[in-house]
Amino acid sequence: MTHNDVAVGRQSGTEVVRGSAAYEMTSAEIASARAFVRDFVHEGRALHAWEVSDRAVDVAQLVVSELATNVCKYAPGPCLLDLASDGETLNIAMWDSGAAFPTASPSDPTRIGSHGLELVLMVCQSFEIRREPVGKRLNVTVALQDDPDRSPHGRTAW
């Protein structure tokens, strides 16, 4: 079952748009979570004149897909997806009921699979995991505009 809400508010003088969706995270709902993110960003473009690159939309969907896949594999059941954006960055928070924190595997280009969290860490500007009274919450930030001279982590590109 999915439930979606979108709200607009102000934070420090900047308009922040928020959206939330609840899932009973099964593999079938991973696509729904990606669609929720895509629709949220497209709505921001249309209603709030956000200048969002197509690449950023793809990255945001990839990140949510990887986080949702981890929930599906390791903490199946209820999952909350919260989005917030000021048009420059997209904050993605995903809560699940699992107690175990995800960990990125050591880099190994010969490994088949298990690269999801590694990819998320590479494309996000920030990444945080917090223990909650029940489960955990992952918070990530994705840039909505491309800067060809900068990497996602703010370092100059190689």
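By relative accessibility, does K136 count as buried or exposed?

Modeller: K136 counts as buried, at 5% relative accessibility, where buried means under 20% relative accessible area, exposed over 50%, and partly exposed in between, for a 1.4 Å probe and protein chains only. Before going on, please keep in mind that this is a predicted model, in which local features need pLDDT of at least 70 and side-chain atom pairs count only at pLDDT 80 or more, while totals for chains, interfaces and linings use all residues. Residues are numbered from 1 along each chain as its sequence is written, and side-chain values use heavy atoms, with hydrogens and water left out.

K136 forms a salt bridge with D96, whose closest N and O atoms are 2.7 Å apart; a salt bridge is a side-chain nitrogen of Lys or Arg within 4 Å of a carboxyl oxygen of Asp or Glu. D96 is buried as well, with a relative accessible area of 3%. Because D96 lies in strand β4 (residues 89–96) and K136 in strand β6, their contact ties together parts that are 40 residues apart in sequence. Strands (E, at least two residues) and helices (H or I, at least four) are DSSP runs, numbered from the N terminus.

Strand β6 also pairs with strand β5 (residues 126–131), in the antiparallel sense and over six bridges, and two strands count as paired if DSSP finds at least two bridges between them. Along this pairing, E128 has N139 in β6 as its bridge partner. Four residues lie between the strands of the β5 and β6 hairpin, and in this hairpin G135 takes a positive phi near 80°.

Another salt bridge joins the side chains of D146 and R55, at 3.6 Å from N to O. This pair links distant parts of the chain, since D146 sits in the segment after β6 (136–143) and R55 in helix α2 (residues 54–74), 91 residues apart. In contrast to the buried K136, D146 counts as partly exposed at 41% relative accessibility, and R55 is partly exposed at 47%. The side chains of D39 and R38 also meet in a salt bridge, at 4.0 Å from N to O; here D39 is partly exposed with a relative accessible area of 44%, and R38 is partly exposed with 32%.
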